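Visitor: Could we go through this model together? I would like to start with helix packing and then turn to the backbone.
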Amino acid sequence: FNLLFVSFATFFVYMEPVAAGSGIPEVKCYLNGINIPRIVRFQTLACKALGVLFSVSAALPVGKEGPMIHSGSVIAAALAQGTRSISVFGHDWRILEFRTDPEKRDFVACGASAGVAAAFGAPIGGVLFALEEGASFWSTQLTWRCFFCGMITIYTLYIIRNSGNLWGTASSTKMFSFGEFTSLEDGKSNFSVWELLLF
């Protein structure tokens, strides 16, 4: 089945060549003002998601981190192209005015930050990625927006991971995992005493 899965992944890359690779260099280029065609399109997102699915199923050495950053950027770019106005009781309300390139770029930076937060479970790491690696144009307001997107992403992951539990009995161990540490009293441990000297 591995050859079949690889052929499916190759087909999706052939269908949308921008979906090849991790997507991080393309997102960095987009955030720095270089317009790459079809980099933040829904077809790119679908081909990348299905390509990664089949690549991982075929046991290819690929990771989820880069595609999650790219996927977060595509979803944010789609949100930036939302509706311009809504009519309520005969009055037009402007609710989403995110049509300019700088505003769309800010959305993509927030999406990249959310992708890092989803991949690594680190919302502050997402902000730092978008600040250091991504955007050339930065403001304090964008910092807080990226942090808010990362926090919402972590909260959503927490809710999804605890969906099997009853309401009100969420397990905090599913939010972060630092490995299993056994006690020294049982005579077992997963580290040696000489390793403590390194720290």
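Predicted model: local features only at pLDDT ≥ 70, side-chain atom pairs only at ≥ 80, totals over all residues.

Visitor: Is the crossing of H5 and H7 left-handed or right-handed?
Guide: The crossing of these two helices is right-handed.

Visitor: Which residues make the contact?
Guide: On H5, the contact is made by Asp106, Ala109, Cys110, Ser113, Ala114, Ala117 and Ala118. H7 contributes Leu142, Arg145, Cys146, Cys149, Gly150, Thr153, Ile154 and Leu157.

Visitor: And how do the residues of that contact divide?
Guide: The contact of H5 with H7 comprises 10 nonpolar, three polar and two charged residues.

Visitor: Turning to the backbone, what is the phi of Arg38?
Guide: Arg38 has a positive phi of about 60°, although it is not a glycine. Most residues other than glycine have a negative phi.

Visitor: Where is Arg38 found?
Guide: Arg38 lies in the loop between helix H2 (24-31) and helix H3 (42-57). Its relative accessible area is 42%, so Arg38 is partly exposed.

Visitor: What about Ala59: what is its phi, and is it buried or exposed?
Guide: Ala59, also not a glycine, has a positive phi of about 65°. Ala59 is placed in the loop between H3 and helix H4 (65-80). With a relative accessible area of 61%, Ala59 is exposed, because the cut-off for exposed is over 50%.

Technical notes:
Residues numbered from 1 in each chain as written. Heavy atoms only, no water. Helix = DSSP H or I, 4+ residues; strand = E, 2+ residues; numbered from the N terminus. Buried < 20%, exposed > 50% of the residue type's maximum accessible area, 1.4 Å probe, protein only. Left-handed = near helix turned anticlockwise from the far one by under 90°. Contact = heavy atoms within 4.5 Å. Nonpolar A, V, L, I, M, F, W, Y, C, P; charged D, E, K, R; others polar.
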